[in-house]
Amino acid sequence: MANTRIGGWGRQFVEGEELQPETLDGAPPVLFRGLGRSYGDSSLPAASSPVVVNTTRANRIIHFDAATGVLRAEAGLSLVDMNRTFLPRGWFTPVSPGTSFVTLGGMVAADVHGKNHHVDGCFGSHVTRLKMRVADGRVLECGPDLERELFLATVAGMGLTGQILEVEFGLRRIPTPWLIQESERVADIDEYIACLKQSAKDWPMTVGWIDCLARGKSLGRGFLMKGRWAQAHEAPARFPKELPNIRMPFTAPEFLLSRPTVQAFNFALYNSHWQKKKVGRVDPFRFFYPLDFVQDWNRGYGKRGLTQYQCVLPDSAGSEAARRFLEILSARGGASFLCVIKDCGPESPAYLSFPKPGISIALDIAVRDDTQALIDALNEHVLREGGRIYLAKDQFTRPEHFKAMETRLPAFQEVRAKWDPEKRFKSAQSVRLFGD
Amino acid sequence: MRRVAILGGTRGMGRALARRFVERGDWVALLGRDADELARSKADLEARGTPGVRVAVGLCDLEDTNSFRPALEGVEQALEGLDTVVVTAAVFATQEKLEQDPVLAHKMLTVDFANTIVFCEEARKKLLLRGSGTLCVFSSVAGDRARKPVVLYGAAKAGLSAYLEGLDHRYRSQGLTTVCVKPGFVKTAMTAGLPIPPFAGDPDEVAQTVIEAIDAGTPVVYAPAIWRAVMTAIKAMPRFVMRRAKF
């Protein structure tokens, strides 16, 4: 098969070959990837090993226990497919990222988190078994109580410990397929963080949005959204309609995301929420996956693509840490227009799991000439605050920065070397950041 | 509620179609040659199907005509009847490969033409015996017009399409509904590695079109639908154009 361009969600491409078999049985011993929603180079092949296996056709359910909700499926099963099957029956994933276009294997490999991290942790903490093929060709099972070391390195291990063939985890009963959402307008970053921490006590799901272009007194103005599943008496009996699906038809010209257009957009958005508080019922598709209805929305960022910067600033850095972060961003002027801030609960025992107690900040950045310098500056700040970045989003972090942030990396590399001494499983990202 | 047997239902378009059937409550029997794959797909359909849906499997190999009758009889028993038979299985190879390898060419021609028709004959008899039924077979747009990249494959599919049209003419009045599906380029493992042309479809979209055609009894259905227009244009092209065209 001819080489093709393979890219992550940020549309930074490498040359390589992508196999897409219907069964993972005979797959070659190379990196697996799912739906390619990681922004950077996590799912891209390393130059020295240019083949990847796309798992999305291996999407069969192995078993579902309707009494307990335990689901076992092939790694390529997507969340959108799972939701179509199980939401109408009253079951939902215990942890959902912000898009449903992810595979189970990808959810494990990135140890994704959702709006409920402060209560429920990452996806990996709900996984009971993984079926894997490791570098020497053996197929084995691992879990929290079986081959624990391999399991903890595979969860959040970005596919580097072996191939995830099947995933078993518990779906959760939901009272109705609807949610109650309360959104609150906040005037600046200090109020935002205070509200975020306060609502975490009462609401199982929280997330918020901040206008990154606002400065001075309104630095960090935005909304905070809080949600919970609606009870039967609060929701209609009908099943919510899926959002219509439209496709971003072309790669947008760069001026579309220039400072004035974005400023106008943010101004309109902020002022559309003129009430201090809004409460309402919302369907799960709008609530969890507001961007999923525009297919290929990443093309809106133009030919050079985008990257997402996501870091966690620990509670120990104090509530001022977020303000300092935004000030650095603001001083560099309009690199990003929206940022999503949410709070994180306890750290997972998985070696490279991203969240730790604190707040997570995520921003989409259109790739420009100064992107590397911006990421370097943000990383230096995060390093000073004792935070770290999320591998599933990263494309530009320098290895020395990552190694300084990620104190658990040597322990992870040790486990990885034990299971894959020849480093058959590597990605463009692992070569860039870990050296192999 | 339908009771459907699908030959080739563990993969590609057959897999997508089988899921649509069980999701709306139809009973499905999968026919194929790999017992492990059949068992895996059976479990998948049972988990996805509406409560009470029945899923059966049977070994059947398009290369072995002796396997056809016992396979159909077995799943007919398992589903307590059979009113719909679907064939999605086929052999595919590029023109270059088929030209280089006469053994492969012979196998493709035998499986996609002769053996598929022999299987359909078994299914036809079974369905006519019970008074009515639907036979839905995946042919290809490759059978509509001879083209450079599909000389051999297209020849087999042209023959298959002609057979299915004949069945429709001869037996529709007796209760047999024939649905000839002509998929255009669909992104499945079968077409992996080929350059993706415009209007390429995906299996789920094709499955939806096909299930609607089965319910409506449409004799010929293109999937994705745009391929009807594409093939009309290609069929209208004169020979001197086709000799120069690359497609």
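This is a predicted model: local features need pLDDT of at least 70, side-chain atom pairs count only at pLDDT 80 or more; totals for chains, interfaces and linings use all residues.
Residues are numbered from 1 along each chain as its sequence is written, while chains are lettered from A and ligands numbered from 1 in the order in which they are written.

Along its principal axes, the C-alpha trace of chain B spans about 55 × 40 × 35 Å. Of its 247 residues, 45% are buried. (A residue is buried if 20 or more other C-beta atoms lie within 10 Å of its own, exposed if 12 or fewer, and partly exposed in between, with C-beta atoms placed from the backbone.) Chain B has nine helices and seven strands; these are DSSP runs numbered from the N terminus, with helices being H or I of at least four residues and strands E of at least two. Now take the contacts in chain B between residues at least 6 apart in sequence: 66% of them join residues at least 24 apart. Here, contact means that two C-beta atoms, placed from the backbone, lie within 7 Å.

Next, find a helix pair in chain B. Helix H1 (residues 12–23) and helix H2 (residues 35–48) of chain B pack at an angle of about 35°, with their axes 8 Å apart. The axes are lines fitted to C-alpha atoms, for helices over the stretch in contact, and angles run from 0 to 180 degrees between N-to-C directions. Who meets whom? On the H1(B) side you'll find Arg15(B), Ala18(B), Arg19(B), Val22(B) and Glu23(B), and on the H2(B) side Ser41(B), Leu45(B) and Arg48(B). Sorted by class, the residues of this contact are three nonpolar, one polar and four charged. For that sorting, Ala, Val, Leu, Ile, Met, Phe, Trp, Tyr, Cys and Pro count as nonpolar, Asp, Glu, Lys and Arg as charged, and the others, Gly among them, as polar.

Chain B also touches its partner: 11 residues of chain B are in contact with 12 residues of chain A. The chain B side of that meeting has four nonpolar, two polar and five charged residues.

Over in chain A, look for sheets. Four strands form an open sheet in the order E1-E2-E4-E3, with mixed pairing; strands pair if DSSP finds at least two bridges between them. At the edges are strand E1 (4–7) and strand E3 (32–33) of chain A, each pairing on one side only. Inside this sheet, strand E2 (residues 13–19) and strand E4 (residues 51–54) of chain A run parallel, joined by three bridges. Glu18(A), for example, has Val52(A) in E4(A) as its bridge partner.

Another open sheet in chain A has five strands in the order E5-E6-E10-E8-E9, and its pairing is antiparallel. The twist averages 15° from one strand to the next.

Finally, visit a loop. Arg332(A) lies between helix H8 (320–331) and strand E19 (338–344) of chain A. Arg332(A) is partly exposed because 14 other C-beta atoms lie within 10 Å. Leaving aside neighbours within four places in sequence, Arg332(A) is in contact with Leu374(A) and Ala377(A).
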